[in-house]
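Thanks for making time, everyone. I'll take you through the inside of one model, then its overall build.

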Amino acid sequence: MQISSLLSLSSEVRDAKENGKPVVALESTIITHGMPFPKNVETARMVEQDIRDAGAVPATIAVLDKRLRIGLEPEDLDRLAQAENVLKCSRADLALALTTGQPGATTVAATMMAAHAAEISVFATGGIGGVHKGAEKTFDISADLEELGRTPVCVVAAGAKALLDIPKTLEVLETKGVPVVGYGTNDLPAFWSRQSGLAAPYRMDTPEEIAAFIATRALFEDHGGVLVTNPVPSEAEISQEDMAEHIDAAIRAAEADAITGKDVTPFVLAKIFELTGGRSLETNIALVRNNARLAAQIAVAQVAWPGRSTDITNITE
Ligand code: PSU
Ligand code: MN
């Protein structure tokens, strides 16, 4: 049996694959565990359309009926967004949802695995998981970082949320050999805010430059992922000072309720939405759409780059 026997492509993705059109992967945990209904499904639809408008094809990834779905038909997206027993699937959980038949939403880590299996190399999301504040005590480090270190997919995100320990997250990414690119910025974006106050390790200013960089990196075996951080549009930004107290309160609430493991991120996100009275949700929507547009531009630019060739007989001096 091969991984391809588990995949089901949407009609749109199948057509794109057959005709060599650029495809952008999208995760589904943001739909089921990251945003409340009905904003979650409205956003998912808008994000898919943003990708089409930029000349690429969206592939929202999830597990339904024991199939790893690469692209969801509109009725499946609605079904997923309203289902109540959805398993949050990271690397550890993906095969479980595929075996039991429980619907599964994919995190950044699991979406990278699925995208790679379907030969999709660009993926747009909101924010990645990272090293949580207090990780020196809790050891809470997202499997997303491990996946970025091993799976060759370019993830476009708005940086790391300030509920994470951003300096430690950067250190782990460096250890795992993940290039972190600031798109049009020298300062690493911090999700709701355009700036974290930390330097972005690299800066690139065009989708073409990013596509060329990915193609060069792909010439090496086991090169792993690339993280492109794209600042939220200024008009939707919330300053770090404005967010700080809400983040602290949300983390304290998680501690008080003894939330651990994979429940931490969804719990803290829901608490922050509640505390900001929906303002953080509007920012979240704006930045995901912005990332989808950039990911589509990168996927379009990649068409100019031929795939990896392992023929070493044509080595030149
Ligand atoms: N950060 C966000 N929104 C999200 C997530 C993270 O701003 O929806 C989701 C993503 O799916 C990410 C996952 O991959 O949470 C990370 O979860 P954990 O920290 O449990 O690895
Ligand atoms: Mn965790």
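**Cavities, a pocket and the fold**

Start with the lining of the largest cavity: by class its residues are 8 nonpolar, 4 polar and 2 charged. Ala, Val, Leu, Ile, Met, Phe, Trp, Tyr, Cys and Pro count here as nonpolar, Asp, Glu, Lys and Arg as charged, and the others, Gly among them, as polar.

Some ground rules. This is a predicted model, where local features need pLDDT of at least 70, side-chain atom pairs count only at pLDDT 80 or more, and totals for chains, interfaces and linings use all residues. Residues are numbered from 1 along each chain as its sequence is written, chains are lettered from A and ligands numbered from 1 in the order in which they are written, and side-chain values use heavy atoms, with hydrogens and water left out.

What is a cavity here? On a 1 Å grid over the protein atoms alone, a cavity is a set of points where a 1.4 Å probe fits but cannot get out; a pocket is an open set with protein on both sides within 12 Å along at least five of seven lines; lining residues have an atom within 4 Å of a point. Grid points are joined across faces, edges and corners, and a volume is the space filled by probe spheres set on the points.

By this rule there are 2 cavities of 30 Å³ or more. The largest cavity holds about 130 Å³. Its lining has 14 residues, and Glu27, Ile30, Ala44, Val47 and Val288 lie nearest the centre. Helix 2 and helix 3 (39–53) each give at least two of the lining residues. Helix 3 gives the most, 5 residues. Helices (H or I, at least four residues) and strands (E, at least two) are DSSP runs, numbered from the N terminus.

Now the second largest cavity. Its volume is about 60 Å³. Its lining includes Ile128, Gly159, Leu173 and Thr229. Helix 9 (166–175) and strand 11 (226–229) each supply at least two lining residues, and helix 9 leads with 4. By class, this lining has 8 nonpolar, 3 polar and no charged residues.

Next, the second largest pocket. About 610 Å³ of space lies in it. It is lined by 35 residues, with Lys88, Gly129, Ser142, Asp144 and Thr265 nearest its centre. Helix 2 (29–32), helix 8 (143–150) and helix 12 (264–275) are the elements that give two or more residues to this lining. Helix 12 has the largest share, 4 residues. The lining splits into 12 nonpolar, 15 polar and 8 charged residues.

One residue to look at: Gly182. Is Gly182 buried or exposed? Gly182 is buried, with a relative accessible area of 0%. Buried means under 20% relative accessible area, exposed over 50%, partly exposed in between (1.4 Å probe, protein chains only). Gly182 sits in strand 9 (residues 180–183). Beyond four places in sequence, Gly182 touches Ala200, Tyr202, Arg203, Met204 and Thr229, contact meaning heavy atoms within 4.5 Å.

Last, the whole chain. The protein chain has 13 helices and 11 strands. Its radius of gyration is 19 Å, close to the 20 Å from the globule rule for 317 residues, so the chain is as compact as a globular protein of that length. That radius is taken over C-alpha atoms, and the rule is 2.2 Å times the number of residues to the power 0.38. Of the 317 residues, 53% count as buried.
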